[in-house]
Amino acid sequence: MLIDNTKIKVRFSEVDSMGILWHGHYIKYFEDGRESFGEKYGIGYMDVYNNHGYMIPIVKVDCNYKRPIKYNDKVSLETTFVNTPAAKLIFTYRLYNTENNETYATGRSEQVFLTEDNQLYLTVPDFLVEWKKKWKVES
């Protein structure tokens, strides 16, 4: 199982007058997690586009809010790659308090592969097959 952990800094500009993080920022944090995962495992957005010619837009994202994140909370994000036989990239997320391990939110996203002329690519790209072999992701 491939996992990345990222520390999140909750900025003052991201909270409301009660010091609570705006709900839309949870999705932004998920993207931060995907970017960190991509850097760690060599499957970042620009790696895929520049080296293989695919765009990988988000087609679905879910967030299950469990408890509010407040300004100055110590927050970490766990991003996990979910293997699938489909031509997709799927990640799950868990935002949690670094000090007590309580979960703030969980989520999931799906990305598809588009060619440079915006055509949906329906088979698993060769580079992804090789990437899975490299990281020993079971099919």
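Reply: Start with Arg67 and Glu102. They form a salt bridge (a side-chain nitrogen of Lys or Arg within 4 Å of a carboxyl oxygen of Asp or Glu), with their closest N and O atoms 3.4 Å apart. The pair links distant parts of the chain, 35 residues apart. Arg67 sits in the loop between strand 2 and strand 3, and Glu102 in the loop between strand 4 (88-97) and strand 5 (103-112). Helices (H or I, at least four residues) and strands (E, at least two) are DSSP runs, numbered from the N terminus.

This is a predicted model, where local features need pLDDT of at least 70 and side-chain atom pairs count only at pLDDT 80 or more, while totals for chains, interfaces and linings use all residues. Residues are numbered from 1 along each chain as its sequence is written, and side-chain values use heavy atoms, leaving out hydrogens and water.

Arg67 is partly exposed at 36% relative accessibility. Glu102 is partly exposed too, at 36%. The cut-offs are under 20% relative accessible area for buried, over 50% for exposed, and in between for partly exposed (1.4 Å probe, protein chains only).

Asn72 lies in the loop between strand 2 (58-65) and strand 3 (75-82). Its phi is near 80°, a positive value in a residue other than glycine. Most residues other than glycine have a negative phi. Asn72 is exposed, at 53% relative accessibility.

The structure holds six salt bridges. Another one joins Lys28 and Glu14, at 4.0 Å from N to O. Lys28 lies in helix 1 and Glu14 in the loop between strand 1 (3-8) and helix 1, so this pair ties together parts 14 residues apart in sequence. Lys28 is partly exposed, with a relative accessible area of 36%. Glu14 is buried, at 5%. Glu14, Lys28 and Asp32 are linked in a network of salt bridges.

Helix 1 covers residues 24-41. Its buried residues include Tyr26, Tyr29, Phe30, Phe37 and Tyr41. Glu35 is also in helix 1, and it is partly exposed at 37%. Just after helix 1, Gly42 takes a positive phi of about 70°.

Now move to helix 3 (126-134). Lys133 forms a salt bridge with Glu130, with the closest N and O atoms 3.6 Å apart. The two are three residues apart in helix 3, so about one helical turn separates them. Lys133 is exposed at 55%, while Glu130 is partly exposed at 46%. Lys136 is found in the segment after helix 3. Its phi is near 55°, a positive value in a residue other than glycine. Lys136 is exposed, with a relative accessible area of 70%.
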